[in-house]
Amino acid sequence: MRNFCRSCTQSRPQLLSSPLVFRSSPYLFFKARYLSSTQNNALSRFDGAPILKYVRQKVEERSKLLSLISDDFSNAEDVSLAKRIKDLEPLETAWKEWSNTRKSLQETLPLLDDADPAMRALAVEEHASLLETLTNLLDSTFPTLLVPASDTAHLSALVELKAGVGGSEASLFLAELVRMYTRAANTLGWRATTMSSNMLEGGNGMKDAILEVKGDKAYDALRWESGIHRVQRVPATEANGRVHTSTVAIVVLPLSEENDSHAGKDELFSPDEIKIEVMRARGAGGQHVNKTESAVRLTHLPTGITVSMQDERSQHQNRRRAFQVLRARLMDRKLSREVMERRAVRRNLVRSADRSEKIRTYNYAQASLPPMLIFYSVIAHTKLQDRVTDHRLGLSLMNLMSVMEGDGLQEILQALEERYRNESLEEVLTQ
Amino acid sequence: MIPAPSTRQLVVALKRSVGARAAELELKWMRQAVEQPPIPASLHPTPTFEEMLARRVAGEPLQYILGSQPFGPLDLIVRPPVLIPRPETEDWTIRLSERLRPTKSKPISILDLCTGSGCIALLLCHLLPPGSAHATGIDVAESAVQLAKDNGAFCGITVLDNGPPLCADFPKWDSNTFTPLLANIRDPAFVIAANLRPPYDILTANPPYIPKSQYDTLPGSVKDYEDPRALIGDLDSGSAQGLSFYHMIAALVGDKSRPILKSDGIIALEVGDGQAQEVARILHEQAQVHHIEIWRDPWDKERVVVGRSSP
């Protein structure tokens with residue numbers, strides 16, 4: 001079930017900014033906008049889309065290139081020309097489909113006012129179908145062809161969670177977030193395992209945790225989860241029913257598949273840059289001792305990054321895991337650096353994840369509010385309902401429980417992905 | 001959920017005995033083992049969490065309670081009183097495997113003395129390419145030979161019951177093979193008695209090396225649960241440095257009338273704290289082993305003596 005609430009009346013490309021609640025699916029709204037306009041108006045709105053102008057330019061560029069290429073492939077630059085032409089081919093195909101569909105649409109227009117009701121009904125049906133095709137080309141096909149394919153699509157993800165302010169309440173919430181991501185990962189066909197966790201002394205909470213999420217596009221989908229997650233609720237332990245605010249800091253790192261770890265060939269670091277330490281003294285060791293002492297700490301000397309791993313009973317496993325985390329941290333630095341460099345050479349609208357930014361708030365209904373407060377809450381239309389607000393999207397989902405169960409999170413991930421795509425598209429169009 | 005008082009008391013007792021941090025991890029591993037037993041119930045009946053906790057507090061090694069010990073990428077079955085595989089051994093076995101370059105067309109034979117759980121031989125078989133390694137494991141304890149067999153099957157390594165394969169038959173095997181055998185290496189005729197097929201390319205061993213004098217000072221979890229035959233390295237009251245087995249192995253390797261190792265074959269022996277130099281000397285002087293290296297373990301102790309046999 002969709003339970004989408006948006007403040008912004010335009011589905012793209014602007015950022016949705018205010019967390020006010022507005023019940024409507026962006027898709028339905030988008031469609032309604034075209035259908036409610038007069039028919040000609042619909043077409044002219046289509047024609048004015050900046051993306052069309054851009055696609056037309058590209059198609060024209062292609063025909064120009066075609067005229068430059070020699071018939072017998074005799075020029076030195078023919079090969080690169082041919083490649084350029086080939087690259088633009090899918091766009092050309094889509095453009096042809098666009099033009100044909102547009103033409104057909106225009107032809108159905110007069111029939112919409114036909115005297116014969118049967119003919120009219122047919123025309124309405126035809127018209128709707130063509131409009132749908134155009135919308136699809138405009139919203140999906142063209143953007144997909146224009147935005148460069150993600151070069152991180154093959155990467156899995158490491159989700160690092162650290163309890164922030166709020167003491168044990170933050171730790172409890174951290175454990176709930178681990179559960180949320182684990183369940184969401186399962187729903188999305190990924191494999192999630194808790195690679196490392198520090199339980200709260202004698203409680204159910206976790207002080208920190210690292211979750212490994214393996215699967216196609218896991219990193220691309222989860223990367224926007226980096227940032228501060230805030231929970232507002234009355235802790236179970238709070239006697240006088242006051243709402244506490246606690247935070248959990250999340251960093252999502254790109255996890256590449258392990259290339260042969262013992263071969264030591266790695267573009268991110270060389271083996272002699274790593275200091276490997278085993279924790280604690282073992283006395284004589286060997287046959288003298290059978291206590292499990294498997295903790296490992298790695299230090300990447302050039303950056304000073306350290307990774308400790310102790311969750312596995314095998315030192316070998318802990319070492320493997322520690323290397324995975326280290327590689328992910330170094331890969332993350334590399335990607336960030338690349339984004340910064342790109343930003344320096346051209347105008348870059350695409351945001352990178354700001355890890356200190358408060359990105360989301362999880363509000364729990366206060367069942368135990370004193371009656372007077374409930375009264376005020378009703379008047380103010382706030383506080384009473386469970387909800388999750390993503391501050392970047394200005395999106396509030398009223399089904400907090402569904403989000404915490406992992407299903408609802410998908411909606412947020414999709415919306416964030418869409419936002420990213422739109423920003424990338426806009427960047428292409430303004431180049 | 002508040003645990004029952006007895007459980008809580010046990011948790012406190014465990015923390016007192018192994019430290020809060022270690023206890024936290026051990027409790028987690030016990031819970032994991034209850035939820036997902038690492039070993040099928042037919043091979044190791046999983047105790048309840050409370051039973052595990054009580055046994056651990058009583059001093060039993062965690063590995064025996066859980067029934068398993070990871071060893072490199074393998075999960076091995078452990079069963080008292082067979083020696084629990086140690087992380088030091090895991091480390092050097094992986095290192096040794098990286099040094100070997102056998103292929104199916106150029107396979108190697110491995111003899112692992114004092115094989116115990118079979119850990120060294122099995123990890124080598126697992127890490128080396130299929131069909132490139134054929135290992136024989138020798139132990140004096142029936143419990144060890146049985147466990148080594150079970151481990152071979154559990155790890156998906158081909159276990160041969162009818163004695164070690166002939167060198168000439170190696171090319172027939174698409175997989176690596178492991179043959180655990182009951183034999184006493186103190187018996188001068190054991191090579192013939194066990195129907196071994198020397199000479200071997202590799203000889204490995206983690207022989208008992210704890211001096212008798214140190215045995216009484218060992219932690220209870222070692223002394224009270226693990227087979228003293230896998231630990232004590234002194235066979236007679238005469239020597240007391242825990243080196244009896246190295247002398248025996250050196251004699252075996254040095255006997256050129258019946259060479260146990262091929263010329264330039266590799267010998268790798270785990271040693272106890274402070275024994276490496278002496279073992280290197282024994283191998284060099286008594287068995288003419290050359291190109292001797294001493295490898296350190298992750299805790300920076302001299303742990304393995306590696307060398308090559310002379311022609």
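Trainee: What span should the 12 residues of helix α12 (residues 276-287) of chain B have at 1.5 Å a residue, and how far apart are its end C-alpha atoms?

Mentor: Some conventions come first. This is a predicted model, in which local features need pLDDT of at least 70 and side-chain atom pairs count only at pLDDT 80 or more, while totals for chains, interfaces and linings use all residues. Residues are numbered from 1 along each chain as its sequence is written, chains are lettered from A and ligands numbered from 1 in the order in which they are written, and side-chain values use heavy atoms, with hydrogens and water left out.

Mentor: Helices (H or I, at least four residues) and strands (E, at least two) are DSSP runs, numbered from the N terminus. The expected span of a helix is 1.5 Å times one less than its number of residues. For α12 of chain B this gives 16 Å, and the end C-alpha atoms are 16 Å apart, so the two agree.

Trainee: Which residues of α12(B) are buried?

Mentor: A residue is called buried under 20% relative accessible area, exposed over 50%, and partly exposed in between (1.4 Å probe, protein chains only). In α12(B) the buried residues are A276(B), V279(B), A280(B), I282(B), L283(B) and A287(B). They lie on the same side of α12(B), because they cover an arc of only 160° around the axis; the arc is that of the directions from the helix axis to the C-beta atoms. An α-helix has 3.6 residues a turn, so residues three or four places apart point the same way.

Trainee: What covers the buried residues of α12(B)?

Mentor: The cover includes α11 (244-254), β8 (261-270), β9 (290-296) and β10 (302-308) of chain B.

Trainee: Where does a positive phi occur just after α12(B)?

Mentor: Most residues other than glycine have a negative phi, and most peptide bonds are trans. Just after α12(B), Q288(B) has a positive phi of about 55°. In strand β9 of chain B, H291(B) has a phi near 50°, again positive in a residue other than glycine. H291(B) counts as exposed because its relative accessibility is 59%. D300(B), in the loop between β9 and β10 of chain B, has a positive phi near 70°. With a relative accessible area of 53%, D300(B) is exposed.

Trainee: Is the peptide bond from P80(B) to P81(B) cis or trans?

Mentor: That bond is cis, with omega near 5°. P81(B) belongs to the loop between β2 (74-77) and α5 (87-99) of chain B. The bond from P198(B) to P199(B) is also cis, with omega near 0°, and P199(B) is in the loop between α8 (190-193) and β7 (200-205) of chain B.

Trainee: Let us turn to chain A. Is R62(A) buried or exposed?

Mentor: R62(A), in helix α3 (residues 50-68) of chain A, is buried because its relative accessible area is 10%. Contact means heavy atoms within 4.5 Å. Leaving aside neighbours within four places in sequence, R62(A) is in contact with I85(A), L88(A), E89(A) and E92(A).

Trainee: How many helices and strands are there in chain A?

Mentor: Chain A has 12 helices and 12 strands. Of its 431 residues, 46% are buried.
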